[in-house]
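Please look over the sequence and the structure shown here before reading on. The briefing below is meant for someone who has not seen them before.

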Amino acid sequence: MARVDYKDMIDFAKVILEDYKLFEGIELVPLETYEGMNTRPAWDFKTPMAFGFYKPYLIKGNDRIEKITIGELHYMKRAKYCALNMTTADDYDLPIYACEFDESAGRLGVTVDLMPTVDIAVHKGYLEKYYTPIAPLWRKYRTIPGFTIEGRCLLQRRYGPWPWARETLSPFSLDGRVEEREDRLKVMDAIVDYARVWLELLKKAEPIKDPEYKQEMVKRKKTMHKYYRELDPGGEVLKKIFGEGKHHLFVSLVF
Amino acid sequence: MADAIQWSPYLEKMREELNQLTLKETRHVEGHAIMPAQEFKTSQIHGGLSAYSAEKIEKIGIGAFYLNETIHYGFCTIIPDQNYALPLFISLWQEEIKEITFLVDLMPTVDSLIDEAYRKRYLESVQPLWERYASLPGISPVESDVVRSLCSIIYTAARVPIDKEGMRLAALAPHSEYLKNYIGFVKEANALENNATKREVERKKKALRRTLGESFAGEMVRNTVAKAVGDNLLELMRSILF
């Protein structure tokens, strides 16, 4: 098993923003207030255990975004907990782009997905509309070593103990524990390709017209927010670092 | 070589579990007599499907058939009565000389992300089985994107390599175990009283059945099966199962 020193770990935000230029041609504008909270304390933080940033943005001239958050939490100079989340405003039913990227010496734990905001078994059109471009990427990237070892790939190992979390995932989630350095880099391709698909879908997004459908979508989206903000084990780490209560800003920006 | 294959006792094992219910044979589905599907035989394919009803159950479809003596298909589906929020039971079995491809699942009839009580009752309680079969060789996601989009968080699917004969029975175990659990749920199920939940269940059940039916030819059985049985029998088989 390869071990990667802290200094050699992937600069998640830099790689996405500067190397892949994910948001090239898009003007990101800092989101100063989110759900009534001042987000500035999260933009650049330092505690005895951790330092880093969770920066939320909107897109200039685009009213379709609720938040785009890019974040890195460096823990004891031993591990990095990084995230990219892109969520549309409640008038749009786009899936939530969610990427959790936790790197330590031994491995990279990663989940990347476009989480459906409606029940796709009921709304078959949603599957066709939003997942047609994702399906070939899923087939391409699920072969990365670490996504497929131990048999049942993708869902079982990291999300096994949390049924609520498995419920939030689409049939195209990429999830696993990746060890080798070169495979960790391949994961970045997957993260960025999924994000590019989401940004393309955003361009074509139309506001929801059916009020009942919107109500259903918002209910599911809020339930997902509640689960991740209240039940995600990562929230416990954030509580330890920032203190009970203060951690709420951070979990709300991450998901 | 095909003559030497000892096909797995899929039908027998599933019927053994189903016999815990009081089954009533169904002779018609959607206005059509099921007789032509009960036993069919051509130069390429032979087998049969049966349909039953039971207390709290609208329809049980079960059967097996053999294509060119090289593929053994098995199906067992249970559609609950409209007054019950039970999941749909789905068992798909495709057995070949060197590999068995299968799916077994309890497909939720509500949005189980939102309905936590439903999730705990019908899905999380089956999680120990899901975990037990995680180590089965060949375990993998369902290849069909459409079918996978219907599956619950505890579905078990695999492409099991048959490198020794014991693997056929090992691959069959999740089906009989999931079915055993499902029958336990049927016995305990209470009729729905809340009209809003009834409407939700009806809507999702309808969507699941429609999509499963549309996925039958091509996704669940090879197109050669459709050609071998012809359009009418294929449609009847679809009606029996979904």
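Predicted model: local features only at pLDDT ≥ 70, side-chain atom pairs only at ≥ 80, totals over all residues.

Residues are numbered from 1 along each chain as its sequence is written, and chains are lettered from A and ligands numbered from 1 in the order in which they are written.

**Chain A as a whole**

- Chain A has 10 helices and 10 strands, where helices (H or I, at least four residues) and strands (E, at least two) are DSSP runs numbered from the N terminus.
- The C-alpha trace of chain A spans about 50 × 45 × 35 Å along its principal axes.
- Of the 255 residues of chain A, 41% count as buried, a term for residues with 20 or more other C-beta atoms within 10 Å of their own, whereas 12 or fewer makes a residue exposed and a count in between makes it partly exposed, with C-beta atoms placed from the backbone.

**Strands 9 and 10 of chain A**

- Strand 9 (residues 108–115) of chain A pairs with strand 10 of chain A in the antiparallel sense over five bridges, pairing being counted if DSSP finds at least two bridges between two strands.
- A:Leu108 has A:Val178 as its bridge partner in strand 10 of chain A.
- Strand 10 (residues 174–178) of chain A is mostly covered, since four of its five residues are buried.

**The contact between the chains**

- The contact takes 21 residues from chain A and 24 residues from chain B, two residues being in contact if their C-beta atoms, placed from the backbone, lie within 7 Å.
- On the side of chain B that touches chain A, helix 7 of chain B gives the most, with five residues.
- By class, that side of chain B has 10 nonpolar, six polar and eight charged residues; Ala, Val, Leu, Ile, Met, Phe, Trp, Tyr, Cys and Pro count as nonpolar, Asp, Glu, Lys and Arg as charged, and the others, Gly among them, as polar.

**Buried residues of chain B**

- In helix 3 of chain B, the buried residues are B:Arg119, B:Tyr122 and B:Leu123.
- These residues cover an arc of only 95 degrees around the axis, which puts them on the same side of helix 3 of chain B; the arc is that of the directions from the helix axis to the C-beta atoms.
- B:Asp105, found in strand 9 of chain B, is buried, with 27 other C-beta atoms within 10 Å.
- B:Asp105 lies 47 residues from B:Ser152 in sequence, but the two are 6.8 Å apart in space, C-alpha to C-alpha.

**Two lysines with positive phi**

- A:Lys21, in the loop between helix 1 (12–19) and strand 1 (28–30) of chain A, has a positive phi of about 50 degrees although it is not a glycine, and A:Lys21 counts as exposed, with 11 C-beta neighbours inside 10 Å.
- B:Lys56 has a positive phi of about 75 degrees, also without being a glycine, and B:Lys56 is partly exposed, with 19 other C-beta atoms within 10 Å.
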